[in-house]
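Subject: Structure for you to look through

Dear colleague,

I am passing on the structure we spoke about, and below it I have written out what was found, so that you can follow each point with the model open beside you.

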Amino acid sequence: MSVTPLTAVPSAQSAPAFRGRIGRDARSGHYAVPRRYRLHLSTACPDGLRIAVTHSLLGLDAACPVTYLPAVPDCPGGGHAALRPLYEASAHHYTGPALAPVLSDDWSGRIVSTHAPDIVRDLACRFGDDRPALYPCGTEAQIEAVERLCAAGIDEAAQRAGRAGAGEAERAAALDSLLDTLGSLNRWLTGRDCFLGEQLTVADVEVWVALVKLDTVHRHHLDATAVHRIVGHSALWAYARRLAAHPAFGAHLDLDGIARRHHAHCRGLEAAGAAVQILDWAAHAADRTGASPQVDKD
């Protein structure tokens with residue numbers, strides 16, 4: 001079955017500061033060599049969480065070490081002081097914020113990429129054929145459709161539905177869009193353990209991170225009625241709960257860090273939905289079921 005019906009309009013995002021790629025061989029310049037590259041991540045950030053889960057699913061601890069950053073950035077503009085030397089070495093007179101995530105090259109001391117989707121793809125596709133196939137052949141278009149859907153249909157729609165100062169009609173339309181997306185995902189996941197086929201893929205990482213953010217961030221700006229309607233997608237939240245119990249997912253779930261990061265920069269108004277927790281993420285993440293690459297059934 002195709003996931004074409006889940007396709008959504010891509011969201012507009014600011015251009016990343018660096019967008020190098022890891023190639024297949026020495027001719028590419030940045031080629032895959034164990035311990036040449038390093039990730040710099042904050043798992044309280046959705047991009048950092050997405051990359052960290054992918055990194056763990058692939059078992060890349062030895063091949064590509066990770067430096068974990070504080071949940072709340074310590075520099076103006078959302079930057080991290082620890083990343084400033086990398087940015088300054090990589091761009092002459094760089095004046096922008098030193099943002100995470102970063103994939104750096106330890107050989108040169110410079111940044112390869114700050115673009116999360118490219119980093120995820122290169123981790124999944126450039127470090128050996130003996131690792132799990134998170135981008136199975138023939139699923140690239142489907143995975144990209146899921147990425148767009150999560151960005152526009154969950155993250156952006158939920159943000160608009162809870163935006164302070166927005167008109168009632170605007171918020172209602174955004175909530176309808178969010179619920180339509182969740183309904184599509186719920187129907188697709190009914191009777192399934194994984195989003196595509198029998199094994200976990202990047203599509204599962206994308207959907208799970210979007211659901212984590214929906215419950216831990218966006219929910220705080222929605223009214224209780226809206227959150228109860230979101231909770232009603234039982235297959236979707238059972239799927240999120242199963243993934244939280246997988247060690248590659250749950251081990252990186254920094255609930256306290258997410259809350260502190262959200263409160264540090266959020267200027268929205270808290271609504272009644274903040275009191276209606278959808279999942280007890282901490283409990284499910286603590287109840288881990290082992291390192292199997294497949295998701296256990298309920």
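Ser104 stands opposite Ile111, a residue of strand 4, and Leu103 has Ser113 of strand 4 as its bridge partner. Please keep in mind, as you look at these pairs and at everything that follows, that this is a predicted model. The two strands involved are strand 3, which covers residues 102-105, and strand 4, and they pair in the antiparallel sense over three bridges. Together strand 3 and strand 4 form a hairpin with four residues between them, and in the turn you will find Gly109, which has a positive phi of about 70°.

How does this hairpin fit into the rest of the sheet? The sheet is an open one, formed by four strands in the order 2-1-3-4, and its pairing is mixed. Strand 2 (66-68) and strand 4 (110-113) are the edge strands, since each of them pairs on one side only. From one strand to the next, the twist averages 35°.

On the side of helix 1 the contact is made by Asp47, Arg50, Ile51, Thr54, His55 and Leu58, and on the side of helix 3 by Ala116, Ile119, Val120, Leu123 and Ala124. Sorted by class, the residues of this contact are seven nonpolar, two polar and two charged.

A second pair to look at is helix 4 (residues 140-161) with helix 6 (residues 202-216), which pack at an angle of about 5° with their axes 9 Å apart. Helix 4 and helix 6 are therefore also described as roughly parallel to each other. Among the residues that make this contact are Ile143, Val146 and Cys150 of helix 4, together with Val202, Val207 and Leu214 of helix 6. The contact of helix 4 with helix 6 has 10 nonpolar residues, four charged ones and no polar ones.

Helix 5 (residues 168-189) and helix 8 (residues 234-245) pack at an angle of about 70°, with their axes 7 Å apart, and that makes helix 5 roughly perpendicular to helix 8. Leu182, Leu185, Asn186 and Leu189 of helix 5 make the contact with Ser234, Ala235, Leu236 and Tyr239 of helix 8. These residues divide into six nonpolar and two polar, with no charged residue.

Finally, there is the second largest pocket, which has a volume of about 250 Å³. It is lined by 15 residues, of which Ala124, Cys125, Arg126, Gly128 and Asp129 are the closest to its centre. By class, the lining of this pocket has nine nonpolar, two polar and four charged residues.

Definitions and conventions: Residues are numbered from 1 along each chain as its sequence is written. This is a predicted model: local features need pLDDT of at least 70, side-chain atom pairs count only at pLDDT 80 or more; totals for chains, interfaces and linings use all residues. Side-chain values use heavy atoms; hydrogens and water are left out. Axes are lines fitted to C-alpha atoms, for helices over the stretch in contact, and angles run from 0 to 180 degrees between N-to-C directions. Angles under 35 degrees count as roughly parallel, over 145 as roughly antiparallel, 65 to 115 as roughly perpendicular and the rest as oblique. Contact means heavy atoms within 4.5 Å. Ala, Val, Leu, Ile, Met, Phe, Trp, Tyr, Cys and Pro count as nonpolar, Asp, Glu, Lys and Arg as charged, and the others, Gly among them, as polar. On a 1 Å grid over the protein atoms alone, a cavity is a set of points where a 1.4 Å probe fits but cannot get out, and a pocket is an open set with protein on both sides within 12 Å along at least five of seven lines; lining residues have an atom within 4 Å of a point. Grid points are joined across faces, edges and corners, and a volume is the space filled by probe spheres set on the points. Two strands pair if DSSP finds at least two bridges between them.
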